[in-house]
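Hi everyone, thanks for coming.

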There are 2 protein chains.
Amino acid sequence: MIENIIEKKCIQKGLKMTDQRRVIARVLATSKDHPDAEELYNRTNKINSQISLATVYRTLKLFNENGILEKHEFRDGKSRYETIQKDHHDHLIDIETGKVIEFQNEEIEKLQERIASELGYDIIEHRLEIYAIKQK
Amino acid sequence: MIENIIEKKCIQKGLKMTDQRRVIARVLATSKDHPDAEELYNRTNKINSQISLATVYRTLKLFNENGILEKHEFRDGKSRYETIQKDHHDHLIDIETGKVIEFQNEEIEKLQERIASELGYDIIEHRLEIYAIKQK
DNA sequence: TTATATGCAAAACATTTGCACTTGA
DNA sequence: TCAAGTGCAAATGTTTTGCATATAA
């Protein structure tokens with residue numbers, strides 16, 4: 001009985017584990033990029049062709065609502081997903097190749113906290129995306 | 001002949017000034033919020049009911065491509081527009097009310113430049129959005 | 001057993017586009 | 001005049017949903 005980190009979280013949350021969810025969880029756990037729904041549909045179907053696109057969408061939504069996945073909307077019109085990591089990071093997107101690079105910067109995090117606090121707010125989440133091109 | 005700043009920019013860029021574009025430009029120039037296409041359609045139609053939603057979309061795209069408008073995609077599924085200001089700013093979105101607060105922070109800008117540079121990139125644009133709730 | 005999940009196809013939603021007609025310069 | 005802009009309706013692309021059937025617990 002091979003379990004992955006996502007499946008463990010599902011069980012913790014009391015989510016019913018169907019074959020479809022197990023496969024989607026496995027694909028997500030082993031994806032090191034930021035796939036969209038269609039791409040996940042393609043990847044899961046190589047393992048089990050009984051998974052519909054609708055189920056992929058429903059499962060992504062469920063996992064996102066349960067704090068298992070992060071949903072990103074970079075500027076290409078489709079949502080991309082990533083398993084939630086221990087350490088928060090932001091993204092730099094190469095607008096020529098679409099490549100996504102992750103980075104961390106504690107100082108920026110703190111500055112955001114300070115800005116929100118000065119405006120009388122508590123941060124729920126934030127989004128920092130840098131769209132850039134390779135230096136020539 | 002009453003002109004606004006947007007209309008001036010259009011003329012500078014050599015864009016043909018139709019009645020529709022003039023009305024849309026006027027509405028944008030006097031909007032202090034971040035309206036979406038449908039909302040702009042409603043506002044322009046109070047002035048001239050001969051403007052179609054398709055033309056609003058086409059004009060927003062045109063203005064955006066010509067550096068007249070900024071297009072934002074906050075997390076509500078529709079694009080919002082704002083005239084480009086002299087000084088760059090980012091946004092804090094009150095997720096309970098939808099209110100958008102603008103803020104500036106030079107330090108964050110510089111940190112981003114440094115991060116991109118260290119990764120070998122030049123920034124084309126960036127997006128920093130803080131989603132927050134009022135402190136209790 | 002039974003509430004919940006699924007597949008399928010249709011619907012929803014914001015946005016774009018083809019085409020015939022109109023208009024600004 | 002005539003290239004460019006417009007209105008309308010149809011098309012698009014992503015995501016959601018209604019409903020009948022299937023399944024985990």
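Between them, chain B and chain A bury about 3,600 Å² in this predicted model, and 57% of that area is on carbon and sulfur atoms. As a reminder, the size of an interface is often given as the accessible area lost when the parts come together. In terms of residues, 35 from chain B are in contact with 35 from chain A. Which three residues supply more of the area that chain B buries than any other three? They are Arg75(B), Tyr121(B) and Arg127(B), and they supply 23% of the area buried by chain B against chain A.

The rule finds eight salt bridges between chain B and chain A. Here is a pair you can pick out on the screen: the side chains of Arg114(A) and Glu107(B) meet in a salt bridge, at 3.8 Å from N to O.

Now, how are the two chains related? In general, two copies of a chain are related by a rotation about an axis and a shift along it.

Let's turn to a single chain. Chain A has five helices and five strands, and along the sequence they follow the pattern α-α-α-α-β-β-β-β-α-β. Its C-alpha atoms fill a box of roughly 50 × 40 × 25 Å along the principal axes.

For the helix packing, I'll switch to chain B. Start with helix α2, residues 19-30: the axes of α2(B) and α3(B) come within 9 Å and cross at roughly 115°, and the crossing is right-handed. On the α2(B) side, the contact is made by Val23(B), Ile24(B), Arg26(B), Val27(B) and Leu28(B), and α3(B) brings Leu40(B), Arg43(B), Thr44(B) and Ile47(B). That gives six nonpolar residues, one polar and two charged.

Next along is α3(B), residues 37-47, against α4(B), residues 53-65: their axes come within 9 Å and cross at roughly 115°. This crossing is right-handed. Ala37(B), Glu38(B), Leu40(B), Tyr41(B) and Thr44(B) of α3(B) make the contact with Leu53(B), Val56(B), Tyr57(B) and Leu60(B) of α4(B). This set divides into seven nonpolar residues, one polar and one charged.

Leaving out residues up to four places away in sequence, which residues does Thr55(B) touch? The answer is Gln20(B) and Ile24(B). As for Tyr41(B), 14 residues apart from Thr55(B) along the chain, the two C-alpha atoms are separated by 9.1 Å.

That's my tour, and I'm happy to go back to any part of it.

Terms used:
Residues numbered from 1 in each chain as written. Chains lettered and ligands numbered in written order. Predicted model: local features only at pLDDT ≥ 70, side-chain atom pairs only at ≥ 80, totals over all residues. Heavy atoms only, no water. Axes fitted to C-alpha atoms, helices over the stretch in contact; angles between N-to-C directions. Helix = DSSP H or I, 4+ residues; strand = E, 2+ residues; numbered from the N terminus. Left-handed = near helix turned anticlockwise from the far one by under 90°. Contact = heavy atoms within 4.5 Å. Nonpolar A, V, L, I, M, F, W, Y, C, P; charged D, E, K, R; others polar. Buried area = accessible area lost by both parts, 1.4 Å probe. Salt bridge = Lys/Arg side-chain N within 4 Å of Asp/Glu carboxyl O.
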